[in-house]
Amino acid sequence: MVAEHILSLVTWLPIFGGIAVLFTGSDRHADYARQLSLVIAVLTFILTLPLYANFNSATHAMQFVEDHAWIEAFDIRYRLGIDGISLLLILLTSFSTVLVVISAWKVIDRKVAQYHAAFLMMEGLMIGVFSALDGILFYVFWEAMLVPMFIIIGLWGGPNRVYATIKFFLYTFLGSVLMLVAFIYLYQQSGSFDILAWHGAKLGLTTQILIFLAFLAAFAVKVPMWPVHTWLPDAHVEAPTGGSVILAAIMLKMGAYGFLRFSLPILPDASHELAWLMIALSLIAIVYIGLVALVQEDMKKLIAYSSVAHMGFVTLGFFIFNTQGIEGGIVQMISHGFISGALFLCVGVLYDRLHSRMIKDYGGVAGRMPVFAAFLMLFAMANSGLPGTSGFVGELLVILGSFQVNVWYAVAAATTLVFGAAYTLWMYKRVIFGAVANDKVAGLTDATPREIVFLSLLALAVLAMGLWPYPFLDVMHASVDHLLQQTMTSKL
Amino acid sequence: MKFVTPDMLPALPEIFVFSMACVILVIDLFLSERTRVVSWWLAQATLAGAALLSLKLAVADPVVTFGGMFVADRLADLLKLGTYVITFFVFAYSRDYLRDRGIFRGEYFVLGLFGVVGMMVMASASHFLTLYLGLELLSLALYAMIAFQRDSGTATEAAMKYFVLGAIASGMLLYGMSMLYGVTGSLEIAAVSRAIGKMSPDNIILIFGLVFVIAGLAFKVGAVPFHMWVPDVYHGAPTAVALYVGTAPKLAAFALFLRLLVSGLEPLAESWQSMLVIIAVLSMAIGNLVAIAQTNIKRMLAYSSISHMGFFLLGILSAESNGYSSSLFYILVYAAMSAGAFGMIILLSRAGFEAERLEDFKGLNQRSPWHAFLMLLLMLSMAGVPPTVGFYAKLLVIQAVIKVGMIPLAVAAVLFAVIGAYYYLRVIKLMYFDDAEDRTPIRAGRDMQLLIGFNALVLVGIMPWVGALMELCRQAIKTLS
């Protein structure tokens with residue numbers, strides 16, 4: 001029973017759990033809300049582990065499939081299933097949510113129940129996005145997720161939160177509605193909302209290009225790709241720590257996931273036709289946004305721009321059409337989920353103490369917070385792609401892949417190793433080293449056991465993926481090979 | 001000539017509601033201020049009884065009676081049931097509001113029930129005269145209801161405007177019908193359709209008649225460029241009346257469109273399709289854009305209603321049964337959302353205070369997280385954000401226009417939906433992100449609380465069964481000749 005409906009379970013458990021948390025009511029019972037959400041988040045994480053354990057990595061077929069009638073008139077079905085690509089993203093989601101709940105424990109003291117409920121619901125919706133095999137079901141999860149995020153940024157965010165959150169909502173909404181039109185068009189062509197049926201649908205080149213552009217509007221905004229990335233720094237800066245973590249670790253991945261699940265297999269010819277555009281946008285993101293990150297004075301903004309640059313790597317990997325590229329892109333997605341999540345949590349740790357995100361307000365933190373400084377060191381190194389950390393694997397694979405296509409792509413992409421190191425380590429130097437900047441810094445206390453818990457969980461993940469990436473690569477091989485084969489088969 | 005008694009049975013619900021309205025009118029004379037609630041109970045019981053009758057008499061195949069003037073089919077049944085349910089909610093929401101303002105009179109419910117009879121007749125009309133009769137019965141009830149709070153200047157002004165403009169629109173509709181009669185020689189919708197089918201679609205009088213009919217219809221639903229009355233009426237009328245005007249009559253308007261344009265003038269589909277495209281695009285554009293500039297939530301909802309009518313027309317203008325059922329679904333959903341939204345305004349209002357400025361929603365999440373959450377659902381549903389039912393409604397109408405190949409229109413529609421999302425989000429922003437100025441606790445009767453909770457929650461809770469509701473709409477359209 002449980003085994004058959006495991007995907008439904010991990011999708012709906014957090015959603016209904018979130019509703020239950022809402023009912024713990026006012027802040028007088030805040031501890032109940034916290035404990036209940038921790039239980040639900042951990043339970044969901046534990047329930048996603050069997051997905052990995054029982055996953056058959058030899059096949060590219062969808063696994064743990066569920067299929068029920070929903071809206072029969074339009075052949076819209078409740079269809080769930082995962083392959084090697086979505087499996088990893090689901091694990092990343094359930095893992096990150098646990099961290100978010102822990103990280104909010106002491107920090108959020110206002111409307112605690114609503115805060116945790118929003119995150120739990122978002123977890124369920126994101127898992128739904130990664131496991132939906134029906135276009136409309138996918139769209140419902142994809143859009144519904146905006147609502148809790150809108151509330152999270154707007155209610156617990158920084159001073160400019162209202163502007164940031166409305167910008168975030170409308171930007172992403174605008175992108176998605178065009179995708180919806182494309183979905184309906186695909187339905188008219190194929191007679192079904194089944195995503196796998198779309199993979200096989202025959203489409204002419206002009207149609208493919210138009211649909212590709214509609215998809216691009218949705219996915220490029222989510223990734224975000226240059227030049228539609230401008231919502232991200234605003235949203236990140238204003239969001240509370242947990243919101244930034246989920247945004248960076250998972251929401252951005254949904255755009256990239258969209259390319260893998262929709263654009264590449266459904267529109268192979270348009271993907272090849274427009275690959276130059278995608279590669280150009282990706283390289284601009286890598287180089288130009290890397291430079292922009294260098295001059296940021298706000299730590300969160302810096303990490304946000306660094307995210308855009310790293311996601312440029314992901315999209316570059318997807319559109320050079322070889323195994324290294326796509327696998328490198330996926331590894332980069334997962335690894336960036338860990339690293340950016342960790343960096344935002346680190347900034348959160350500092351912010352909770354000093355209530356400033358400005359680099360200039362810090363300096364000499366190492367003397368006061370040695371344990372924290374060590375963690376941040378690891379994550380900063382990982383962000384700059386140090387071998388032995390997860391950041392290295394993905395970047396190396398993508399650069400290797402792009403060498404096969406065009407040396408100059410590889411050269412441009414490789415500049416990230418320089419810029420990434422420059423902006424991350426320079427920030428690290430200014431914040432952590434040097435003389436103690438002011439009295440406030442002098443009064444800092446080191447990471448608490450609670451903070452050490454979530455930072456070491458992430459440190460473990462970053463190191464494990466860097467030192468032994470095999471378990472991650474193994475599950476995705478069959479799916480990536482199949483995807484590549486679909487991408488290489490013309491539909492014309 | 002022999003007089004044949006028509007088969008009264010299919011019209012039993014109409015006869016029942018009409019008789020009950022008269023009975024309540026008389027009973028109400030003998031009620032004191034304290035016992036007036038009896039009228040309310042009787043009105044609600046009438047609606048419940050009518051619903052039972054309609055369910056009992058529901059037919060699978062159309063039954064035509066009264067010499068071809070009246071038809072009972074699935075579409076009529078569905079629309080009538082929708083009307084009863086919506087009106088039931090409207091009366092329930094209105095009770096305390098009217099009482100707090102000293103206008104808790106039997107006339108509100110009697111007029112409301114007469115309006116319901118008008119809507120029912122429209123839903124079942126198969127003859128131009130019946131259609132017009134139903135429409136006027138409804139309109140006259142509405143004119144009186146809007147002016148109901150007679151000490152209020154704005155209400156009287158709104159009623160005057162609505163009356164004058166409404167009379168012109170009725171005149172136009174009637175003029176259009178008379179031209180169609182002149183050309184086809186019949187007032188019976190089916191016969192008109194047959195006659196037009198044999199004619200050239202370029203017949204100039206036909207086209208003229210069609211233009212007048214469309215203008216009349218567009219006025220009745222409040223679509224651009226015949227929308228001017230909507231914001232004034234919604235704003236000026238007491239909220240309980242705006243609630244009535246903004247909900248169930250839209251269902252009747254759907255019947256008007258279907259019976260006239262589809263059953264009657266479908267041979268001219270190509271002509272009315274292009275007219276409706278313009279009306280729909282303008283409605284979506286002006287409705288959504290002007291709504292952004294509003295500071296009064298009732299005016300905002302009025303412009304929102306104009307834009308929703310634009311979306312609703314998308315299904316009709318696709319000129320095929322898939323589109324009609326999409327529009328039917330849309331209008332049912334819209335009536336439910338609109339009832340909920342006005343219900344929330346009523347809930348926040350109290351004696352001597354009208355919660356009709358947007359600012360009045362400030363910090364609602366601090367005052368009452370539960371009500372803020374309900375309003376959040378209502379606003380998201382109006383904006384068409386999944387998983388609320390408003391999304392499925394938009395999905396259906398957009399799907400309908402894409403199916404007939406009007407992709408640019410679909411793209412325009414979704415872009416206007418994004419623009420529209422802004423002002424719904426603004427309400428959410430006020431409720432969740434701003435601090436409350438007014439911290440008066442929200443008081444409302446238990447039945448009101450229960451019903452409005454149900455009203456808002458059903459908008460997401462229906463998700464697993466949304467397919468069944470669509471199927472109902474498809475069945476209703478299928479039996480249409």
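Because the model is predicted, local features are given only where pLDDT is at least 70 and side-chain atom pairs count only at pLDDT 80 or more, while totals for chains, interfaces and linings use all residues. Residues are numbered from 1 along each chain as its sequence is written, and chains are lettered from A and ligands numbered from 1 in the order in which they are written. Helices (H or I, at least four residues) and strands (E, at least two) are DSSP runs, numbered from the N terminus.

**Helices of chain A**

Helix H1 of chain A, residues 6-22, has 17 residues and reaches 24 Å from its first C-alpha to its last, which is close to the 24 Å expected at 1.5 Å a residue, where the expected span is 1.5 Å times one less than the number of residues. H1(A) bends by about 30° at A:Trp12, and the proline A:Pro14 follows within four residues; the bend at a residue is the angle between axes fitted to the seven residues ending there and the seven starting there. Several residues of H1(A) are buried, including A:Ile6, A:Leu7, A:Val10, A:Pro14 and A:Val21. A residue counts as buried if 20 or more other C-beta atoms lie within 10 Å of its own, as exposed if 12 or fewer do, and as partly exposed in between, with C-beta atoms placed from the backbone. The cover over the buried residues of H1(A) includes helices H2 (30-53), H3 (84-103) and H4 (112-131) together with strands E1 (63-71) and E2 (76-82) of chain A.

In H6(A), 11 of the 11 residues are buried, so this helix is largely enclosed by the rest of the structure. Among the buried residues of H6(A) are A:Leu146, A:Pro148, A:Phe150, A:Gly154 and A:Trp156.

Two packed helices are described by the angle between their axes and the distance between the axes. Helix H17 (residues 370-383) and helix H19 (residues 407-432) of chain A pack at an angle of about 165°, with their axes 8 Å apart. Axes are lines fitted to C-alpha atoms, for helices over the stretch in contact, and angles run from 0 to 180 degrees between N-to-C directions. H17(A) and H19(A) are therefore roughly antiparallel to each other, a term for angles over 145 degrees, whereas those under 35 count as roughly parallel, 65 to 115 as roughly perpendicular and the rest as oblique. The contact is made by A:Ala373, A:Leu376, A:Met377, A:Ala380 and A:Asn383 of H17(A), and by A:Gly420, A:Thr424, A:Leu425, A:Tyr428 and A:Ile432 of H19(A). Two residues are in contact if their C-beta atoms, placed from the backbone, lie within 7 Å.

**Where the chains meet**

The contact between the chains takes 25 residues from chain A and 25 residues from chain B. On the side of chain A that touches chain B, the elements that give two or more residues are E1, helix H5 (135-144), helix H6 (146-156) and helix H7 (161-190). The largest share of that side, 13 residues, comes from H7(A).

**Chain B**

Helix H17 of chain B, residues 389-403, has 15 residues and reaches 21 Å from its first C-alpha to its last, close to the 21 Å expected at 1.5 Å a residue. Of the 15 residues of H17(B), 14 are buried, so H17(B) is largely enclosed by the rest of the structure. Just after H17(B), B:Gly405 takes a positive phi of about 85°.

B:Thr87 lies in helix H3 (residues 74-100) of chain B and is buried, with 28 other C-beta atoms within 10 Å. Leaving aside its neighbours within four places in sequence, B:Thr87 is in contact with B:Leu47, B:Gly112, B:Val116 and B:Ala248. B:Thr87 and B:Gly112 are 25 residues apart in sequence, and their C-alpha atoms are 8.2 Å apart in space.

B:Leu140, which lies in helix H5 (residues 128-146) of chain B, is partly exposed, with 16 other C-beta atoms within 10 Å.

**Backbone features in loops of chain A**

| Feature | Value |
|---|---|
| Cis peptide bond, A:Val223 to A:Pro224 | omega near -15° |
| Cis peptide bond, A:Trp226 to A:Pro227 | omega about 5° |
| Positive phi, A:Asp75 | phi near 50° |
| Positive phi, A:His355 | phi near 55° |

A:Pro224 is placed in the loop between helix H9 (205-222) and helix H10 (231-238) of chain A, and A:Pro227 also lies in the loop between H9 and H10. A:Asp75 is in the loop between E1 and E2 of chain A and counts as partly exposed, with 17 C-beta neighbours inside 10 Å. A:His355 is in the loop between helix H15 (323-354) and helix H16 (365-368) of chain A, and with 9 C-beta neighbours inside 10 Å it counts as exposed.
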